[in-house]
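The questions below go through one protein chain, from its overall make-up to single residues.

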Amino acid sequence: MKGNKSYTKYFSNDFIIGTSISLIFILISWAVGIISTNLPVNFSSIVTIHINNPIHWIINTFPIIIGGIIIVLTRKRILNENSFKEIIEKQDENINRNARIAKKIGEGNYQLNNDISENNDVLAKSLLVMRNNLLTNNLKEKEQNWISEGKDLISDILRMYNNINELAYEVIVKLINYIDVIQGSFYIFDKNDNKLHNIATYAYNRKRYVNQKFKIGEGLIGQCAYEQDFIYRTEIPEDYTSITSGILGDKKPSSILIIPLVTEEKLQGILEFASIKDEFPKLTINFLKELGEIIARTLYNLRMNQTTEKLLTESQQMTEELRANEEQLRQNAEEMRATQEELEISNKNLETQVNEVENAQKRLHSLLENASEVISIYDNELKLKYQSPSVTSILGYTPEEMMSGKDMDRLTAKGEAAMKEMFVQLLEDSYTPQTIQYTYIKKNGKKIHIETTGRNLLNNSAINGIILNSQDITERKRAEKEERMKSKMQSLSENSPDLILRMNTKGQFFYANPMIENFMGIKSSEIINTRIDDLDIVDILEDFFKQSIKNIRRTNQKITSEITIPTAKLGERIMNFNAIPEFNENELETILFVGHDITESKMIELEIKETNRKINESINYAQRIQTSILPSNTIIHEYLPKSFIFYEPRDIVSGDFPWFFKKDDILYIAAVDCTGHGVPGALLSFIGYFQLNNIVDHDVNYSAGQILDKLHFGVRTTLKQDRIDADARDGMDIALCRIELKKNQIQYSGAHRPLFLLRDNELLEYKGNRKAIGGIPHRKKAEKDFVNHTIEIKKGDRIFIFSDGLPDQIGGPEGRKYSPRRIRDNIKNNSNFTMQQYSNLFSSDFKKWKGCTKQIDDVLLIGIEF
C-alpha cells in the first residue's frame, strides 16, 4: 500500500511537470512557426503551420511520448530508488537541453549540431528535423528576396527611361553590379536588317563603345537568338578568340552567360555577361532568365510606343495638309459659284432664242448622231430620260435599249459604284461638275474605258436634268500606259548594270545606255545613229551583232549567246547576250541587245565545281573505309549459308549498317539504323560498330538485352550525352540476335526495331523496346533495361530484321509509305520462297514501289533460315 502511494506521488508530480513542459514546448514550436511565416496569432494560423510543416504533428505527440516515458521511469523508480533518481536527473537534463534548443530555434539561431549529442533522444532529433526544415525555408526565402529585389531594381529603370539606348545602358550597368560580373553587353534586334546591334557595353567599371552587329545564327550571340534559349559556357578553350562573344575580343573569360530577350515568341534583343569566376550561380541564371522576359516586354512596348508616336506625327502632318487643301477647294468653289451665277444670267438671255434653238434641233440631232461623245440626261430620280444617237456607234446599243436599262446593266461592279457616287455628289453640289472613269462592256462583249463628266442642270429649264458627257478613252489609256512603260524602261535602262543597245535591221544604233563605255570604250552619245561598220570595236563583238541581225531577220526569234570580250576598263569579261526582236504592226523594226556580265558567276561556278569534286572524293574515300569494316556476304554465308542482306544506302555512305561477329560458338548479327543518313549517319555507324565489337568480345555470356544495355550507355558516354549541358540527341535503332546453333536458341533484343519469325506458315512478331540507343537521359524518370527474348528455333524457321528505311519509303500509286504491313504480307504470302528468292522479291518490289520518288532513307533488311 505504501508502495502504491509512493508510486502515485511520484507519478503525479512527474506527470504534471512533464506534461507542462511538453505543452510549453508545443506552444514554443507554434510560436516559432507563426513568427517564421509572418502569420497573425490566431487559430487559423496554427492550422496553416500544421498544413505547411508536418513536423508540428510530431511535436504535438510529445505529451503522450513524455507521459509514457514518465510511466516507465516511475515504475523503475519504485524498483530502484537510486536508479530512478539518476533517470530523473538525466531526463531533466534532456528537457533543459531541448528547451534551450527550442529557444535558439525561436530566436532564429539554427546552428544546433553541438547541442544535440544523444542519438536516442527522439525529441532532440525531431527538433533537428524542424531546424533543417526552417533552415531550408529560410534559404529559399533569401533567394526569392534576392530575385525580387533585382527585379524591382531593374523595373524601376524600365519605368524611368523611354529612350532604348539610355535604358539599355542603365540596365546593363545595374545588372553587372548586382550579379557581380566584370563585363556585359546589351544587343537590340533590328527587324529591318535582321541583325543584332550592340547598343550598350560596360566593362571594368566604365562604359565601352563597341559597334558590333551579328546576323541570326552568327557566333554565340546569333546562335542564342536563333535558338531563343540561353547559352552558358564554362569550358572555354585556349583559342577562344575564334568564337565571337561580342565583348571580350581576345581575352578569355572563365564563364559566359548569354540570355535571349523574348516575349510572345518574338526576339527583342540579347543580354551577354562575362565573369572571371569559374561559373555563374544557378540562382543568377534563373534570375536573368526570369528578368529577360520582363525586359523584352518593355522593349516591345517602347517600340510600339515609338511607332505610335511616329504615326501620330504623320497623321498631324496630313491633317495640316488637308486643311490647306480644304481652303483651296473652298476658293475653287467660290470661283465656280461666281461662274455659275454668270451662267444663270446667260441662260435667261437664251430664253429669247428658243425659236432659233427649235430650228436648229434637226442640225443638232445630226451632230449628236455623229459626235465622238455620248450625251445622257437623267432626271432627279436618276432615271435616264434622253440618250444621244451617237451611243450606237460608240457603245453598240440603240438609244431605246439604253433607255430600257442597258445604261447600268453593262457596268462592272466598280463602275456602277462610281456612277452612283457621282450622282450623289452632283445632287449635293449642283455647281461642281464630277468626272469619273470606268469600264463598260459593249454589245459585242468588248470591254472599253469610258470617261464621263456629269453636271447638275436640274435648275436649267432647257435641260431640267443631270447631263452626262461620255467618251471612249480606251486608246488614250493605252497610249498613257505605253508612255509610262517607256519612261519606266528608260529609267531602268539608264541605271542598269547591263549593257543595253537598240539598233535597226541594218545595224544602225538608236540607243545605248551608259554601260557601253565600260564594255566597248565608247560614250553612249557618240554611238547614236552610227552603224556597226563605222565603229572600231573588237571583231568578236562585231561578228556577233551582224550574225544576230541576220538570224533574227530570218527567224524572228529571240537569240541567246554567251561570248567573251576584251574591255579596256574591266579586262576580259564573259557576257550573256539576249538579242530580242521588236515589232511594229507585225513588221520587224528594231532589235534590242541586252548583255549581262556573268564573269563573276562563272568564276563562282568553277569554284563550286572544284569544291564539289573535293567533297565527292572525300565521301568516296569514306565509303571505302565504311565498306571495309562491314561484313561480307561470303563470311556470313560461311556460318549462315541460308541468309541474305538487302542493303540500299540512300547516299554514298550510309547511317544503316549490317553487323556480324563470331565469338567461340556464338554468332551475333544485327541490323543497325543510326540517326540520319549520309556522312553524319556514317560517323555514328563507326561508333556503333566498334562499341558492339568491344562489348561482345569482352564477355561471351552477355545476353542480347545486356549487350544493348552496354551499347546504350557506351554511345551515351561517347557522345557525352550523360552530362548536364548535353544537347546531342543522336543515337541509333537496332535489332540484335545472339545465335547459339548448338543449342538451337536465339536471343533477340531490339531498340524500336522488331523481329519477324516465320514458322509453319505463321508469322510471329517480337517487338523491341520503345526507346533508342543513346540520347539524352530523362532526369526524373528511371530507364528500363532492354528486354531479352529467348526463342527456341526449329529447322525451317526464318527470321527477318530490318531498319525503318524500308517501311518508311514513300511511293506506290497513292504516294503512301511502304509500311511494315507490306513487309509482313510479302513474307507470309511467299512462305515457299528460298532466302535468295526473298532477296530478289524485296529488291524488285522496293524499286517498283519507289518508282520515280526520291529515296528518303537508307534501307537494310536481313533474312536468315535455320
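**Asparagine 744 and the rest of the chain**

Q: Which residues does asparagine 744 touch, not counting residues up to four places away in sequence?
A: The model is a predicted one. Asparagine 744 sits in the loop between β21 (731-740) and β22 (745-751). Setting aside residues up to four places away in sequence, asparagine 744 touches Ile791, Glu792 and Ile793.

Q: How far apart in space are asparagine 744 and phenylalanine 866, C-alpha to C-alpha?
A: In sequence, asparagine 744 and phenylalanine 866 are 122 residues apart. In space, their C-alpha to C-alpha distance is 9.0 Å.

Q: What share of the contacts with a separation of 6 or more in the chain is between residues 24 or more positions apart?
A: The chain has 866 residues, and buried residues make up 40% of them. Its secondary structure comes to 23 helices and 30 strands. Of the contacts with a separation of 6 or more, the share from residues 24 or more positions apart is 58%.

Q: Which element gives the largest share of the largest nonpolar core?
A: This core has 33 residues, and those touching the most other members are Val171, Leu175, Phe186, Leu271, Phe273 and Ile295. Two or more residues come from each of α6 (122-160), α7 (164-179), β1 (183-190), β2 (195-203), β6 (255-263), β7 (266-275) and α9 (282-350). The largest share is nine residues, and the element that gives it is α7.

Q: Which residues does isoleucine 295 touch, not counting residues up to four places away in sequence?
A: Isoleucine 295 is among the members of the largest nonpolar core that touch the most other members. With residues up to four places away in sequence left out, isoleucine 295 touches Ile154, Leu158, Val171, Phe186, Leu261 and Leu271.

Q: How many residues are in the second, separate core?
A: Leu684, Val696, Ile707 and Leu711 are included in this separate core. Its number of residues is 29.

Q: Which element supplies the largest share of the lining of the second largest pocket?
A: This pocket holds about 1,000 Å³ of space. Its lining has 20 residues, with Phe230, Tyr232, Ile724, Asp725 and Ala726 nearest the centre. At least two lining residues come from each of α8 (219-227), β5 (231-233) and α9. Four residues make up the largest share, and they come from α9.

Q: Where does glutamine 228 lie?
A: Phi of glutamine 228 is near 55°, a positive value in a residue other than glycine. With a relative accessible area of 34%, glutamine 228 is partly exposed. This residue lies in the loop between α8 and β5.

Q: What is phi of aspartate 664 near?
A: Aspartate 664 is placed in the loop between β19 (656-663) and β20 (666-674). Its phi is positive, in a residue other than glycine, and is near 60°.

Q: What is the volume of the largest cavity?
A: The structure holds one cavity of 30 Å³ or more. The largest cavity is lined by 17 residues, and Ser376, Leu395, Met402, Tyr438 and Ser470 lie nearest its centre. That lining divides into 12 nonpolar, four polar and one charged. The volume of the largest cavity is about 180 Å³.

Q: Does threonine 530 count as buried or exposed?
A: Threonine 530 lies in the loop between α16 (524-527) and α17 (539-555). Leaving aside neighbours within four places in sequence, threonine 530 is in contact with Gly507, Gln508, Phe509 and Leu535. The limit for a buried residue is under 20% relative accessible area. Threonine 530 is at 18%, so this residue counts as buried.

Conventions. Residues numbered from 1 in each chain as written. Predicted model: local features only at pLDDT ≥ 70, side-chain atom pairs only at ≥ 80, totals over all residues. Heavy atoms only, no water. Core = buried A, V, L, I, M, F, W, Y, C linked by side-chain atoms within 4.5 Å. Buried < 20%, exposed > 50% of the residue type's maximum accessible area, 1.4 Å probe, protein only. Contact = heavy atoms within 4.5 Å. 1 Å grid on protein atoms, 1.4 Å probe; cavity = no way out; pocket = protein on both sides within 12 Å on 5 of 7 lines; lining within 4 Å. Points joined across faces, edges and corners; volume = space filled by probe spheres on them. Nonpolar A, V, L, I, M, F, W, Y, C, P; charged D, E, K, R; others polar.
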